[in-house]
Amino acid sequence: MTELNLPPGPPQANDISAFAGMIGLRVISATATRVEAELTVRPDLLNRNGVLHGGAIMALADILGGLGTVTAIRPDQSTTTVESKTNFFRPLVLGEVVRAISEPLHQGRRTQVWQTSVRRGDGKLAAQITQTQMVLEP
C-alpha cells in the first residue's frame, strides 16, 4: 500500500493536483478501500442550464478513483484512467454541497475498478460513475 507523501490528515485538493484545487475539491478521507470528498457547486462550475456541469461531476469522480488507486499501489507505480462511464440521475444546484464516495469494485495487479456515488445535500443519488484505472509500472 502506498503512503502519500502529504501532511497529516486527509490529503487536500492542491496536494493531489492543481486541477482538484481549482474546482474546490475537499478530500475528507482517502484509503485503499474508500475515498470521500465534498465539492460546493459554484457559479463557474455550472452548465448553461444552471446546474453543475457533467464534466465537473466526471472530474470529481476521476480524481477520487485515481486517488484511491494511488493509495493501493506501490510507491514506484502510478495510474491512469483508461475507461469511465457516468449515469446522471438528478441535478446539482448552485450552493449545494456535493458529497462523493468512491469505493473499489476490483483491485487487481494491472487494473482497478472504482465506483463513485455522487449525492446531493439531501442524500439523494445525483450520479454514479464507474471507472477503470490502469496500474503503470516504472
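Student: In this predicted model, which kind of interaction brings the side chains of R26 and E38 together?

Tutor: The side chains of R26 and E38 meet in a salt bridge, with an N to O distance of 3.6 Å. The two partners sit in separate strands, R26 in strand β1 (residues 26–30) and E38 in strand β2 (residues 35–40), and the pair links distant parts of the chain, twelve residues apart.

Student: Are R26 and E38 buried or exposed, or something in between?

Tutor: The general idea is to compare the relative accessible area with a cut-off, since buried means under 20% and exposed means over 50%, with partly exposed in between. R26 has a relative accessible area of 32%, so R26 is partly exposed, whereas E38, at 18%, falls under the cut-off and is therefore buried.

Student: How many salt bridges does the model hold, and which residues are joined into one network by shared partners?

Tutor: The count comes to nine salt bridges. Through salt bridges that share partners, R26, R34, E36, E38, R99 and E103 form one network.

Student: Where does S102 lie, and with which residue does its side chain make a polar contact?

Tutor: S102 belongs to strand β4, which spans residues 97–107, and its side chain is joined to that of T116 by a polar contact of 2.9 Å. The relative accessible area of S102 is 0%, so this residue is buried. When neighbours within four places in sequence are left aside, the contacts of S102 are T33, R34, V35, L64, G65, W114, Q115 and T116; R34, one of these, is also a member of the salt-bridge network.

Student: Which element holds F19, and what does F19 touch beyond its sequence neighbours?

Tutor: F19 is found in helix α2, residues 18–23, and, not counting residues up to four places away in sequence, F19 touches A59 and I63. The C-alpha atoms of F19 and A59 are separated by 9.2 Å, although the two residues are 40 residues apart along the chain. A relative accessibility of 40% is between the cut-offs, so F19 counts as partly exposed.

Student: How many helices and strands does the chain have, and in what pattern do they follow one another?

Tutor: The secondary structure comes to three helices and six strands, and reading along the sequence gives the pattern α-α-β-β-α-β-β-β-β.

Student: What share of the contacts with a separation of 6 or more comes from residues 24 or more positions apart, and what share of the residues is buried?

Tutor: Residues 24 or more positions apart account for 61% of those contacts, and buried residues make up 40% of the 138 residues in the chain. As for the surface, the chain exposes about 7200 Å², of which carbon and sulfur atoms supply 54%.

Note on methods:
Residues numbered from 1 in each chain as written. Predicted model: local features only at pLDDT ≥ 70, side-chain atom pairs only at ≥ 80, totals over all residues. Heavy atoms only, no water. Helix = DSSP H or I, 4+ residues; strand = E, 2+ residues; numbered from the N terminus. Buried < 20%, exposed > 50% of the residue type's maximum accessible area, 1.4 Å probe, protein only. Polar contact = N/O pair within 3.5 Å; in protein donor to acceptor, adjacent residues only side chain to side chain. Contact = heavy atoms within 4.5 Å. Salt bridge = Lys/Arg side-chain N within 4 Å of Asp/Glu carboxyl O. Areas by Shrake-Rupley, 256 points an atom, 1.4 Å probe, with all protein chains shown as cover.
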